[in-house]
Amino acid sequence: VYENLEIQRKELIKKRRIFTLVIILIFLAALALFLVIPQISIILIVAGIVVLIISESKVSKFRRSFKEIVIKKLLDEELGSYTYNSTQGIPLNEIISVGIYDSPDRYDLEDYIQSSYNEVRYEMCDATFEERYYVTVDGKREVRYRTYFKGRIIKLDYKRDLNTTIKIIE
């Protein structure tokens, strides 16, 4: 599996270099023709943008598939029985209900894993929480975001009632 991914990665690097060279040549041609035939320059610039978008979509697709394949293989080796979803997390309302953080203005939850260890069920995910704030730049009010949490959320489900909430914050 890993060898095949490495072959795909090397092929993608070669293709990306070719795409980059093609984009540079297209833009140089567009600049050279701009004074003579501006319409062709515009067509070449649009073609260059299309080539750039295609190149980046191939890279993005490889990164997503790489992550899925590698993480699932590692989880198969380590956990056996599990649930994994690269694009979801523990529901935000469950995380907020613990009372450590207020509801974020913007957030990202990913790499959800649900499994058990020594008969203790657990769920975990990567999380990023951001709060909105405002700044004034040149007399204009701009919205910015500040990350106030970036890390892993872990939810343990003990079979017995502990009558308390355990919060571990680092």
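Strand β1 and strand β2 (residues 106-117) pair in the antiparallel sense over three bridges. In this predicted model, Asn-85 has Tyr-112 in β2 as its bridge partner.

The two strands belong to an open sheet of four strands, ordered β1-β2-β3-β4, with antiparallel pairing. Its edge strands are β1 and β4, each of which pairs on one side only. On average, neighbouring strands of the sheet are turned by 15 degrees against each other, direction ignored.

| Strand | Residues |
|---|---|
| β1 | 83-85 |
| β2 | 106-117 |
| β3 | 120-137 |
| β4 | 140-157 |

Helix α2 (residues 38-78) lies across β1 and β2 and runs at about 165 degrees to β1.

The largest nonpolar core consists of ten residues: Ile-90, Leu-92, Ile-95, Leu-109, Tyr-112, Cys-125, Ala-127, Phe-129, Phe-149 and Ile-153. Two or more residues of this core come from each of α3 (92-97), β2, β3 and β4. Strand β3 gives the largest share, three residues. Tyr-112, the bridge partner of Asn-85, is one of the core residues.

Leu-109 is also a member of this core. Leaving aside residues up to four places away in sequence, Leu-109 touches Thr-87, Gln-88, Gly-89, Ile-90, Leu-92, Ile-95, Cys-125, Asp-126, Ala-127 and Phe-129. Among these contacts, Ile-90, Leu-92, Ile-95, Cys-125, Ala-127 and Phe-129 are themselves listed in the core.

Note on methods:
Residues are numbered from 1 along each chain as its sequence is written. This is a predicted model: local features need pLDDT of at least 70, side-chain atom pairs count only at pLDDT 80 or more; totals for chains, interfaces and linings use all residues. Side-chain values use heavy atoms; hydrogens and water are left out. Two strands pair if DSSP finds at least two bridges between them. Axes are lines fitted to C-alpha atoms, for helices over the stretch in contact, and angles run from 0 to 180 degrees between N-to-C directions. Contact means heavy atoms within 4.5 Å. A nonpolar core is a set of buried Ala, Val, Leu, Ile, Met, Phe, Trp, Tyr and Cys residues joined through side-chain atoms within 4.5 Å. Buried means under 20% relative accessible area, exposed over 50%, partly exposed in between (1.4 Å probe, protein chains only).
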